[in-house]
Amino acid sequence: MRPALRTEIERLAGGRVVDARSCAGGFSPGFASRLTLADGGRVFVKAIDARRWPHEVAAYRAEARVNAALPNGAPAPRFRGALDDERWIVLAFEDVDGVTPEPWTPDALGRVLAATADLGRPAVPLDRDHPRLGGWATLTADRLAPHDPWAAANLKRLTDLERAGLDTACGDSLVHGDLYPHNILLTPDRVVVVDWPHARLGAPVVDLVTVLSSAAADGLDPEAALRRRADSGAAGVPPGDVDAVLAAHAGFLVSGGLATMPPGLEPIAAAKRRLGAAAARWLRHRIDDGKSPITD
(Lines give C-alpha, C1' and ligand atoms only; values in the text may rest on other atoms or scores of the structure.)
Protein backbone atom coordinates (compact mmCIF):
# COMPACT_ATOMS: atom_id res chain seq x y z
CA MET A 1 0.00 0.00 0.00
CA ARG A 2 1.48 3.34 -1.04
CA PRO A 3 2.49 5.65 1.86
CA ALA A 4 0.20 8.47 0.72
CA LEU A 5 -2.77 6.15 1.10
CA ARG A 6 -2.18 5.97 4.85
CA THR A 7 -2.73 9.73 5.05
CA GLU A 8 -5.96 9.38 3.08
CA ILE A 9 -7.14 6.57 5.36
CA GLU A 10 -6.43 8.70 8.42
CA ARG A 11 -8.45 11.51 6.89
CA LEU A 12 -11.31 9.08 6.34
CA ALA A 13 -10.98 7.67 9.86
CA GLY A 14 -10.95 11.13 11.36
CA GLY A 15 -7.61 11.04 13.16
CA ARG A 16 -4.03 9.84 13.32
CA VAL A 17 -3.69 6.06 13.53
CA VAL A 18 -1.56 4.87 16.46
CA ASP A 19 -2.35 1.17 16.32
CA ALA A 20 -3.71 -1.32 13.78
CA ARG A 21 -4.87 -4.84 14.61
CA SER A 22 -5.63 -7.26 11.79
CA CYS A 23 -8.95 -9.08 12.04
CA ALA A 24 -9.08 -12.81 11.48
CA GLY A 25 -11.99 -14.63 9.87
CA GLY A 26 -14.16 -13.91 6.88
CA PHE A 27 -13.64 -15.01 3.30
CA SER A 28 -12.45 -11.87 1.55
CA PRO A 29 -8.83 -11.91 0.32
CA GLY A 30 -8.43 -8.25 1.23
CA PHE A 31 -7.23 -6.97 4.58
CA ALA A 32 -9.35 -5.91 7.54
CA SER A 33 -8.04 -3.94 10.51
CA ARG A 34 -9.29 -2.29 13.67
CA LEU A 35 -7.58 1.09 13.87
CA THR A 36 -7.03 2.96 17.11
CA LEU A 37 -6.75 6.72 16.71
CA ALA A 38 -4.68 9.18 18.70
CA ASP A 39 -7.80 10.42 20.51
CA GLY A 40 -8.69 6.87 21.59
CA GLY A 41 -11.41 6.36 19.00
CA ARG A 42 -11.56 3.21 16.93
CA VAL A 43 -12.48 2.58 13.31
CA PHE A 44 -12.82 -0.64 11.33
CA VAL A 45 -11.25 -0.52 7.87
CA LYS A 46 -11.28 -3.08 5.07
CA ALA A 47 -9.46 -2.77 1.76
CA ILE A 48 -8.72 -4.66 -1.44
CA ASP A 49 -5.90 -4.41 -3.98
CA ALA A 50 -7.79 -4.15 -7.27
CA ARG A 51 -4.84 -5.37 -9.32
CA ARG A 52 -4.28 -8.47 -7.25
CA TRP A 53 -7.94 -9.35 -6.73
CA PRO A 54 -9.82 -7.91 -9.73
CA HIS A 55 -12.77 -10.28 -9.28
CA GLU A 56 -13.45 -8.79 -5.80
CA VAL A 57 -13.50 -5.14 -6.86
CA ALA A 58 -17.18 -5.03 -7.78
CA ALA A 59 -18.19 -6.38 -4.36
CA TYR A 60 -16.27 -3.66 -2.52
CA ARG A 61 -17.75 -0.92 -4.67
CA ALA A 62 -21.23 -2.40 -4.22
CA GLU A 63 -20.74 -2.50 -0.46
CA ALA A 64 -19.86 1.19 -0.41
CA ARG A 65 -22.95 2.02 -2.48
CA VAL A 66 -25.29 -0.08 -0.34
CA ASN A 67 -23.98 1.16 3.02
CA ALA A 68 -24.53 4.74 1.92
CA ALA A 69 -28.16 3.85 1.15
CA LEU A 70 -29.07 1.86 4.27
CA PRO A 71 -32.18 3.17 6.06
CA ASN A 72 -31.98 4.78 9.46
CA GLY A 73 -32.30 2.11 12.08
CA ALA A 74 -30.82 -0.68 9.99
CA PRO A 75 -28.77 -3.03 12.20
CA ALA A 76 -25.50 -2.05 10.55
CA PRO A 77 -22.32 -0.29 11.68
CA ARG A 78 -22.17 3.41 10.88
CA PHE A 79 -20.51 3.93 7.52
CA ARG A 80 -17.73 6.53 7.59
CA GLY A 81 -17.02 6.53 3.87
CA ALA A 82 -14.85 5.02 1.15
CA LEU A 83 -11.72 5.69 -0.89
CA ASP A 84 -11.24 4.42 -4.43
CA ASP A 85 -8.11 5.32 -6.39
CA GLU A 86 -8.59 2.52 -8.96
CA ARG A 87 -5.77 0.54 -7.28
CA TRP A 88 -6.99 0.37 -3.68
CA ILE A 89 -10.59 0.40 -2.51
CA VAL A 90 -10.94 1.21 1.19
CA LEU A 91 -14.11 1.18 3.30
CA ALA A 92 -14.32 2.60 6.82
CA PHE A 93 -16.95 1.86 9.47
CA GLU A 94 -17.76 2.33 13.10
CA ASP A 95 -15.83 -0.30 15.02
CA VAL A 96 -18.16 -2.76 16.75
CA ASP A 97 -16.84 -4.73 19.70
CA GLY A 98 -18.93 -7.85 19.20
CA VAL A 99 -18.69 -11.59 18.62
CA THR A 100 -20.05 -13.72 15.81
CA PRO A 101 -22.70 -16.33 16.69
CA GLU A 102 -20.45 -19.21 15.70
CA PRO A 103 -21.68 -21.79 16.44
CA TRP A 104 -25.31 -20.78 16.70
CA THR A 105 -27.10 -21.02 20.04
CA PRO A 106 -30.88 -20.81 20.51
CA ASP A 107 -30.55 -17.46 22.31
CA ALA A 108 -28.38 -15.90 19.60
CA LEU A 109 -30.68 -17.24 16.89
CA GLY A 110 -33.70 -15.69 18.55
CA ARG A 111 -31.98 -12.32 18.87
CA VAL A 112 -30.88 -12.28 15.24
CA LEU A 113 -34.27 -13.35 13.90
CA ALA A 114 -35.96 -10.57 15.88
CA ALA A 115 -33.46 -7.92 14.75
CA THR A 116 -33.57 -8.85 11.06
CA ALA A 117 -37.26 -9.68 10.60
CA ASP A 118 -37.74 -6.50 8.56
CA LEU A 119 -34.67 -4.48 7.57
CA GLY A 120 -36.81 -1.64 6.25
CA ARG A 121 -36.46 0.20 2.96
CA PRO A 122 -33.18 1.53 1.53
CA ALA A 123 -32.71 5.24 0.90
CA VAL A 124 -32.26 4.61 -2.83
CA PRO A 125 -33.48 1.78 -5.05
CA LEU A 126 -31.30 -1.32 -5.13
CA ASP A 127 -31.19 -4.10 -7.68
CA ARG A 128 -34.09 -6.54 -7.71
CA ASP A 129 -32.31 -9.58 -9.14
CA HIS A 130 -31.16 -12.37 -6.83
CA PRO A 131 -27.91 -13.83 -8.18
CA ARG A 132 -27.34 -15.69 -4.92
CA LEU A 133 -30.44 -17.79 -5.39
CA GLY A 134 -30.82 -20.71 -7.77
CA GLY A 135 -28.44 -23.32 -9.08
CA TRP A 136 -30.18 -26.67 -9.40
CA ALA A 137 -30.94 -25.86 -13.05
CA THR A 138 -27.21 -25.69 -13.81
CA LEU A 139 -26.48 -29.16 -12.45
CA THR A 140 -26.95 -32.66 -13.82
CA ALA A 141 -27.99 -35.77 -11.93
CA ASP A 142 -24.66 -37.40 -12.73
CA ARG A 143 -22.79 -34.45 -11.23
CA LEU A 144 -24.92 -34.51 -8.09
CA ALA A 145 -25.13 -38.25 -7.47
CA PRO A 146 -21.74 -38.70 -5.71
CA HIS A 147 -22.52 -35.84 -3.33
CA ASP A 148 -26.30 -36.08 -2.73
CA PRO A 149 -28.15 -39.07 -4.23
CA TRP A 150 -31.50 -37.70 -3.05
CA ALA A 151 -30.96 -34.38 -4.83
CA ALA A 152 -29.84 -36.21 -7.96
CA ALA A 153 -33.00 -38.35 -7.93
CA ASN A 154 -35.22 -35.29 -7.35
CA LEU A 155 -33.43 -32.79 -9.58
CA LYS A 156 -36.47 -31.97 -11.74
CA ARG A 157 -38.57 -31.35 -8.63
CA LEU A 158 -35.86 -29.15 -7.12
CA THR A 159 -35.44 -27.17 -10.34
CA ASP A 160 -39.17 -26.47 -10.53
CA LEU A 161 -39.31 -25.47 -6.86
CA GLU A 162 -36.35 -23.11 -7.12
CA ARG A 163 -37.98 -21.44 -10.13
CA ALA A 164 -40.95 -20.66 -7.87
CA GLY A 165 -38.49 -19.48 -5.23
CA LEU A 166 -37.02 -16.88 -7.54
CA ASP A 167 -40.50 -15.41 -7.94
CA THR A 168 -41.21 -15.61 -4.21
CA ALA A 169 -37.96 -13.77 -3.46
CA CYS A 170 -39.26 -10.62 -5.19
CA GLY A 171 -40.38 -7.72 -3.03
CA ASP A 172 -39.66 -4.17 -1.87
CA SER A 173 -37.90 -4.83 1.44
CA LEU A 174 -34.18 -4.54 2.07
CA VAL A 175 -32.63 -8.01 1.94
CA HIS A 176 -29.05 -8.55 3.11
CA GLY A 177 -28.58 -11.59 0.88
CA ASP A 178 -25.64 -13.08 2.80
CA LEU A 179 -26.94 -13.30 6.35
CA TYR A 180 -24.57 -15.90 7.76
CA PRO A 181 -22.96 -15.93 11.23
CA HIS A 182 -19.64 -14.53 9.97
CA ASN A 183 -21.53 -11.39 8.89
CA ILE A 184 -23.22 -10.86 12.26
CA LEU A 185 -21.79 -9.29 15.42
CA LEU A 186 -23.50 -9.59 18.80
CA THR A 187 -22.87 -7.13 21.60
CA PRO A 188 -24.66 -7.17 24.98
CA ASP A 189 -27.37 -4.86 23.59
CA ARG A 190 -27.06 -4.89 19.78
CA VAL A 191 -27.26 -7.15 16.76
CA VAL A 192 -25.05 -5.69 14.04
CA VAL A 193 -25.00 -6.98 10.48
CA VAL A 194 -21.91 -6.30 8.37
CA ASP A 195 -20.80 -6.92 4.76
CA TRP A 196 -23.67 -5.67 2.60
CA PRO A 197 -22.44 -5.99 -1.04
CA HIS A 198 -25.14 -8.51 -1.95
CA ALA A 199 -28.08 -6.48 -0.64
CA ARG A 200 -31.15 -6.36 -2.86
CA LEU A 201 -34.81 -5.41 -2.83
CA GLY A 202 -36.77 -8.55 -2.11
CA ALA A 203 -38.85 -10.52 0.35
CA PRO A 204 -37.70 -10.90 3.99
CA VAL A 205 -38.13 -14.68 3.71
CA VAL A 206 -34.79 -14.73 1.82
CA ASP A 207 -32.83 -13.67 4.91
CA LEU A 208 -35.02 -15.82 7.17
CA VAL A 209 -34.16 -18.95 5.19
CA THR A 210 -30.47 -18.05 5.09
CA VAL A 211 -30.25 -17.65 8.87
CA LEU A 212 -32.21 -20.81 9.64
CA SER A 213 -30.34 -23.02 7.19
CA SER A 214 -27.03 -21.91 8.72
CA ALA A 215 -28.45 -22.74 12.15
CA ALA A 216 -29.30 -26.20 10.83
CA ALA A 217 -25.66 -26.57 9.76
CA ASP A 218 -24.71 -25.99 13.41
CA GLY A 219 -27.12 -28.66 14.65
CA LEU A 220 -30.12 -26.51 15.63
CA ASP A 221 -33.66 -27.37 14.52
CA PRO A 222 -34.87 -24.71 12.07
CA GLU A 223 -38.46 -25.95 12.34
CA ALA A 224 -38.46 -25.28 16.08
CA ALA A 225 -37.19 -21.76 15.42
CA LEU A 226 -39.99 -21.19 12.90
CA ARG A 227 -42.56 -22.34 15.46
CA ARG A 228 -41.14 -20.05 18.15
CA ARG A 229 -41.22 -17.18 15.69
CA ALA A 230 -44.90 -17.81 14.93
CA ASP A 231 -45.74 -18.21 18.64
CA SER A 232 -44.10 -14.83 19.37
CA GLY A 233 -46.70 -13.10 17.20
CA ALA A 234 -44.35 -12.37 14.29
CA ALA A 235 -45.94 -12.31 10.87
CA GLY A 236 -46.14 -15.85 9.58
CA VAL A 237 -44.51 -16.95 6.34
CA PRO A 238 -46.55 -19.33 4.17
CA PRO A 239 -44.92 -22.80 4.24
CA GLY A 240 -44.86 -22.88 0.45
CA ASP A 241 -42.82 -19.67 0.37
CA VAL A 242 -40.27 -21.16 2.76
CA ASP A 243 -40.01 -24.31 0.63
CA ALA A 244 -39.58 -22.41 -2.62
CA VAL A 245 -36.96 -19.94 -1.36
CA LEU A 246 -35.17 -22.70 0.54
CA ALA A 247 -34.93 -24.67 -2.70
CA ALA A 248 -33.44 -21.68 -4.51
CA HIS A 249 -31.08 -21.02 -1.60
CA ALA A 250 -29.94 -24.64 -1.43
CA GLY A 251 -29.44 -24.71 -5.20
CA PHE A 252 -27.12 -21.71 -5.03
CA LEU A 253 -25.05 -23.25 -2.25
CA VAL A 254 -24.82 -26.76 -3.67
CA SER A 255 -23.92 -25.59 -7.15
CA GLY A 256 -21.40 -23.11 -5.75
CA GLY A 257 -19.84 -25.76 -3.57
CA LEU A 258 -19.22 -27.93 -6.62
CA ALA A 259 -17.80 -25.09 -8.72
CA THR A 260 -14.12 -24.40 -9.32
CA MET A 261 -13.06 -21.30 -7.39
CA PRO A 262 -10.32 -18.81 -8.30
CA PRO A 263 -7.04 -19.38 -6.42
CA GLY A 264 -7.27 -18.11 -2.87
CA LEU A 265 -11.06 -18.45 -2.64
CA GLU A 266 -11.28 -22.22 -2.14
CA PRO A 267 -12.56 -21.78 1.46
CA ILE A 268 -15.71 -20.20 0.01
CA ALA A 269 -16.50 -23.39 -1.91
CA ALA A 270 -15.90 -25.47 1.22
CA ALA A 271 -18.26 -23.26 3.24
CA LYS A 272 -20.91 -23.53 0.52
CA ARG A 273 -20.66 -27.33 0.54
CA ARG A 274 -21.24 -27.44 4.29
CA LEU A 275 -24.10 -24.95 4.26
CA GLY A 276 -25.60 -26.43 1.10
CA ALA A 277 -25.71 -29.90 2.61
CA ALA A 278 -27.60 -28.55 5.63
CA ALA A 279 -30.04 -26.54 3.48
CA ALA A 280 -30.73 -29.59 1.30
CA ARG A 281 -31.34 -31.78 4.37
CA TRP A 282 -33.81 -29.24 5.75
CA LEU A 283 -35.58 -28.99 2.39
CA ARG A 284 -35.76 -32.77 2.08
CA HIS A 285 -37.30 -32.94 5.55
CA ARG A 286 -39.94 -30.37 4.62
CA ILE A 287 -40.99 -31.70 1.22
CA ASP A 288 -40.73 -35.38 2.12
CA ASP A 289 -43.25 -34.97 4.95
CA GLY A 290 -40.69 -34.95 7.74
CA LYS A 291 -39.40 -38.44 7.03
CA SER A 292 -35.75 -37.37 6.84
CA PRO A 293 -33.63 -35.85 9.65
CA ILE A 294 -32.98 -32.13 9.53
CA THR A 295 -29.55 -32.28 11.13
CA ASP A 296 -26.93 -34.97 11.38
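Predicted model: local features only at pLDDT ≥ 70, side-chain atom pairs only at ≥ 80, totals over all residues.

Biologist: Where is the place of Pro 103?

Modeller: Residues are numbered from 1 along each chain as its sequence is written, and side-chain values use heavy atoms, with hydrogens and water left out. Helices (H or I, at least four residues) and strands (E, at least two) are DSSP runs, numbered from the N terminus. A cis peptide bond, with omega about 0°, joins Glu 102 and Pro 103, and the place of Pro 103 is in the loop between β5 and α3 (106–115).

Biologist: Does Glu 86 count as buried or exposed?

Modeller: Glu 86 lies in the loop between β4 and β5, and its phi is near 75°, a positive value in a residue other than glycine. Buried means under 20% relative accessible area, exposed over 50%, and partly exposed in between (1.4 Å probe, protein chains only). Because its relative accessibility is 60%, Glu 86 counts as exposed.

Biologist: What is the relative accessible area of Asp 195?

Modeller: Asp 195 has its place in the loop between β8 (191–193) and β9 (200–202). Its phi is near 60°, again a positive value in a residue other than glycine. Asp 195 is partly exposed, because its relative accessible area is 25%.

Biologist: With which residues is Gly 14 in contact, leaving aside its neighbours within four places in sequence?

Modeller: Gly 14 is found in the loop between α1 (3–13) and β1 (17–22), and it counts as exposed because its relative accessibility is 53%. Contact means heavy atoms within 4.5 Å. Leaving aside neighbours within four places in sequence, the contacts of Gly 14 are Leu 37 and Arg 80.

Biologist: Which strands do the buried residues of α2 pack against?

Modeller: Helix α2 (residues 57–69) has 13 residues and reaches 19 Å from its first C-alpha to its last, close to the 18 Å expected at 1.5 Å a residue; the expected span is 1.5 Å times one less than the number of residues. Its buried residues include Val 57, Tyr 60 and Ala 64. The buried residues of α2 pack against β3 (42–49), β4 (79–84) and β5 (88–94).

Biologist: What is the relative accessibility of His 249?

Modeller: His 249 is found in helix α9 (residues 239–258). Leaving aside neighbours within four places in sequence, its contacts include Leu 133, Tyr 180 and Ala 279. His 249 counts as buried because its relative accessibility is 3%.

Biologist: What is the radius of gyration of the protein?

Modeller: The protein has 10 helices and 9 strands, and its C-alpha trace spans about 60 × 45 × 35 Å along its principal axes. The radius of gyration is taken over C-alpha atoms, and the globule rule is 2.2 Å times the number of residues to the power 0.38. With 296 residues, a compact globule would therefore have a radius near 19 Å, and the protein agrees with this at 20 Å.
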